[in-house]
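Here is my note on the model you sent. Please keep the structure open while you read.

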Amino acid sequence: MKRLFLPLIVILLVVQAGFGQVVRNNSASFSADWNQGAVVFSTGDTVRCNVRFNNVLPEGLLQVKEGETVLTLLPQDVKSFCFFDGNRKRMRKFYALRVVNQTGKSAPVYMECLYDDEHVSMLNHRTMAMPYEYQNYMRF
């Protein structure tokens with residue numbers, strides 16, 4: 001009986017720990033909607049096109065659609081972009097900025113401008129990615 005009880009407890013603890021890591025914040029989700037917007041490239045060129053932005057990757061995922069062609073743009077190629085979000089009923093603007101990541105290296109990421117005036121800017125970086133290094137004991 002004890003041989004059956006101990007593995008059952010271990011399995012229940014592993015399952016409970018896994019469910020405790022579920023992201024329940026609906027604001028960080030994948031959106032399939034295309035919005036009319038504009039992209040300013042690092043070269044200074046500006047293109048008006050349909051854009052789609054999602055925070056499923058730590059650096060963000062920007063896609064542009066020209067006709068039937070869909071391109072994914074990396075943060076190092078983009079200076080900024082903006083689009084009107086129909087769900088939130090407001091214009092959203094993002095900048096591609098270099099930030100120091102967990103490894104100590106500088107990498108460009110998309111950051112949303114929440115507030116901006118001549119003295120201060122408030123930026124937001126939200127992602128769905130989750131660090132998992134501390135969960136190595138749970139991987140089989």
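The points below take the sheet, then its strand pairs, then the core.

1. The model is predicted.

2. Take E4 with its partner. Strand E3 (residues 61–66) and strand E4 (residues 69–73) run antiparallel, joined by five bridges. Leu-62 is placed opposite Leu-73 of E4. Two residues lie between the strands of this hairpin, where Gly-67 has a positive phi near 70°.

3. Now the pair E6 and E7 (residues 106–116). Eight bridges connect these strands in the antiparallel sense. Lys-93 faces Cys-113 in E7 across the pairing.

4. Which residues have the most contacts inside the largest nonpolar core? They are Val-39, Leu-62, Phe-81 and Tyr-110, in a core of 13 residues. E2 (46–54), E3, E5 (78–85) and E6 (90–100) each contribute at least two residues to this core. In soluble globular proteins, nonpolar side chains tend to be buried together.

5. Leaving out residues up to four places away in sequence, Phe-81 touches Ala-38, Val-39, Phe-53, Leu-62, Arg-92, Lys-93, Phe-94 and Tyr-110. Val-39, Leu-62 and Tyr-110 on that list are also named among the core residues with the most contacts.

Note on methods
Residues numbered from 1 in each chain as written. Predicted model: local features only at pLDDT ≥ 70, side-chain atom pairs only at ≥ 80, totals over all residues. Heavy atoms only, no water. Pairing = 2+ DSSP bridges. Helix = DSSP H or I, 4+ residues; strand = E, 2+ residues; numbered from the N terminus. Core = buried A, V, L, I, M, F, W, Y, C linked by side-chain atoms within 4.5 Å. Buried < 20%, exposed > 50% of the residue type's maximum accessible area, 1.4 Å probe, protein only. Contact = heavy atoms within 4.5 Å.
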